[in-house]
Amino acid sequence: LATMLRSRVAGKAAPSPAEESTKVKALVASEVAQALAAAHTAGPSGQKSYPPVAKNLNPLRILITGGAGFVGSNLVDVLMQQGNIVYVMDNLFTGRRRNIEHWLGHPNFEFFQHDVTNPFYVEVHQIYHLACPASPPHYQHNPIKTIKCSTHGTLNMLGLAKRVGARLLLTSTSEIYGDPLVHPQTEDYWGNVNTLGPRSCYDEGKRVAESMCYCYRHQHGTEVRIARIFNTFG
């Protein structure tokens, strides 16, 4: 009625009821389409939709410790989109469930809220061992827990890699060089370290973790890789 009155005052012919009905239906359809696009569901069944995943006839089974963290969750995205089967282990101390939430429920994905310092078993081809607080406020919050993560946790993952014949990648750190006197640091530089300083729980833990990897490689033939990550942001 208000539309009809405004049209008459303006000297225009009022739209017919059929025209008004068509206009309202179009607006409603547009709003519904926008709501569906913003939701995380697909179709009338309400099933969750996921990022696109490649069709992989020979997927790898991959375990990522610390997979709910910043680096780990980005690695999860890449490996999942390649069509692999990915298992994430994280105790959520610094990692966040929201970082991997878009994969929860996917048939190729499984999340275990588990502490790497405790034994864990799963049949996999590869292990990406990222678990460990990396920021000084975090790793200094509980220094004993931090060094246990790098020692006990790495020992658990190396034992698993040996048992199932998996390849293990350890994410180490530039902190193994301590307070370096050489810039930039090369892999043959041994560093300038302080075993008693406030950062030693993290620095020395990672140094021991690297040593463990090479011991398992030489003694048991375990396939290992080490990546010393410097500053990472995004």
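Q: What should I know about the model and its numbering before I start?
A: The model is predicted, with local features needing pLDDT of at least 70 and side-chain atom pairs pLDDT 80 or more, while totals for chains, interfaces and linings use all residues. Residues count from 1 along each chain as its sequence is written, and side-chain values use heavy atoms, leaving out hydrogens and water.

Q: How many aromatic pairs are there, and how do I read one?
A: You describe a ring pair by the distance of the centres and the angle of the planes. Rings of Phe, Tyr and Trp (its six-membered ring) pair if their centres lie within 6.5 Å; planes under 30 degrees apart are stacked, over 60 edge-to-face, the rest tilted. A search of the whole structure turns up five pairs. Tyrosine 139 and tyrosine 202 are stacked, because their centres are 4.5 Å apart and their planes at 10 degrees.

Q: Are tyrosine 139 and tyrosine 202 buried or exposed?
A: Buried means under 20% relative accessible area, exposed over 50%, partly exposed in between (1.4 Å probe, protein chains only). Both tyrosine 139 and tyrosine 202 are buried.

Q: Which other tyrosines stack?
A: Tyrosine 177 and tyrosine 189 do, since their centres are 6.0 Å apart and their planes at 20 degrees. Tyrosine 177 is buried at 2% relative accessibility, and tyrosine 189 is buried at 17%.

Q: Which residues form a ring cluster?
A: Ring pairs join Tyr87, Phe112 and Phe120 into a cluster.
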